[in-house]
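Here's a quick briefing on charges, contacts and backbone angles for your next look at this one. Have the viewer open and follow along.

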Amino acid sequence: MRTAIAAVALTAAALPLLAAAPASAEQFGIDDPKESTHGSDLIALQVRNGAENVDVTTMHADLRRAPATGSAGTIYVDTDRDDRGPEYVFVGGFYAGTDYRLLETEGFGKAAWGDPIENGDYIMRVSYDKDRVRIRMSRAALGNPDDVRVAVRISGTRAGGGSVVDWAGKPRSFTPWLAQG
């Protein structure tokens, strides 16, 4: 009985959020239960395939400005159903003083990364107060695809050294295909 009441309460709490979402864009969101031990632990992901832009928002636990965190994100974007794997990769640091870039890619991993995208716009905004990173890529920058899907990899540096990686879902797994809205 308590489980049913909790499920109804959670569903009712989510209704205003769903009602506020634009009807013109297909969206996807997940919670990431895997815990990692650095300042950019990924806890949730939202992807919106809108009429003009593809927006990816990552939510974190304890996102910090300190370069010692080494926190960074890699967003793989698949735009071609007939070509296995991603065609674009957005890479950027999440700590203060870093930069970001949208590149062509022929798959996962740095060895597959290619030329930077020069046509179209893209931007990354980091909110340390809200533990959130928002990435917006224009349709032109992504070759004006109808459908997209993304795979998200977050990484950081442990306080004692070494690195830690946190994927949204399983490593190299994509969200479902999202139609342009």
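Leaving aside neighbours within four places in sequence, which residues is T79 in contact with? The list is E87, Y88, L142, P145, D147, V148 and W177. Keep in mind that this is a predicted model.

**Around T79**
- T79 sits in the loop between β4 and β5, and because its relative accessible area is 18%, under the 20% cut-off, it counts as buried.
- One of its contacts, D147, is 68 residues away along the chain, yet the C-alpha atoms of T79 and D147 are separated by 6.2 Å.
- E87, another of the T79 contacts, lies in that loop too, between β4 (72–78) and β5 (88–93).

**E87, a buried charge**
- E87 is buried but has no salt bridge.
- How far away is the nearest side chain of opposite charge? That would be R149, at 7.5 Å, whereas a salt bridge needs a nitrogen-to-oxygen distance within 4 Å.
- Not counting residues up to four places away in sequence, E87 touches V77, D78, T79, D80, L103, E104 and T105.

**The negative patch**
- Two of those E87 contacts, D80 and E104, also belong to a patch of negative charge on the surface.
- The patch gathers D80, D82, D83, E104, E106, D115 and E118.
- E104 is found in strand β6, residues 100–105, and counts as partly exposed because its relative accessibility is 39%.

**Salt bridges**
- How many salt bridges does the structure hold? There are 5, among them the pairs below.
- D147 pairs with R81, with the closest N and O atoms 3.1 Å apart. D147 lies in strand β10 (residues 147–157) and R81 in the loop between β4 and β5, so this pair ties together parts that are 66 residues apart in sequence.
- R81 counts as exposed, because its relative accessibility is 52%.
- There's also a network: salt bridges that share partners join R48, D55 and R136.
- Buried or exposed: which is D55? It is buried, because its relative accessible area is 11%, while R48 is partly exposed at 22% relative accessibility.
- D62 and R64 form a salt bridge as well, and here the closest N and O atoms are 2.6 Å apart. R64 is partly exposed, with a relative accessible area of 33%.

**Backbone angles to check**
- D62 has a positive phi of about 65 degrees although it is not a glycine. It sits in the loop between β3 (53–61) and β4, and at 44% relative accessibility it counts as partly exposed.
- N144 also has a positive phi, near 55 degrees, and is likewise a residue other than glycine.
- Where is N144? Its place is in the loop between β9 (132–138) and β10, and N144 counts as exposed because its relative accessibility is 51%, over the 50% cut-off.

Terms used: Residues are numbered from 1 along each chain as its sequence is written. This is a predicted model: local features need pLDDT of at least 70, side-chain atom pairs count only at pLDDT 80 or more; totals for chains, interfaces and linings use all residues. Side-chain values use heavy atoms; hydrogens and water are left out. Patches are made of residues with over 30% relative accessible area and no salt bridge: like charges are joined within 9 Å, nonpolar side chains (Val, Leu, Ile, Met, Phe, Trp, Tyr) within 5 Å. Accessible areas come from the Shrake-Rupley method with a 1.4 Å probe; for residues, only the protein chains shown count as cover. Lys and Arg count as positive and Asp and Glu as negative; His and the chain ends are not counted. The place of a charge is taken as NZ of Lys, CZ of Arg, CG of Asp or CD of Glu. Helices (H or I, at least four residues) and strands (E, at least two) are DSSP runs, numbered from the N terminus. Buried means under 20% relative accessible area, exposed over 50%, partly exposed in between (1.4 Å probe, protein chains only). Contact means heavy atoms within 4.5 Å.
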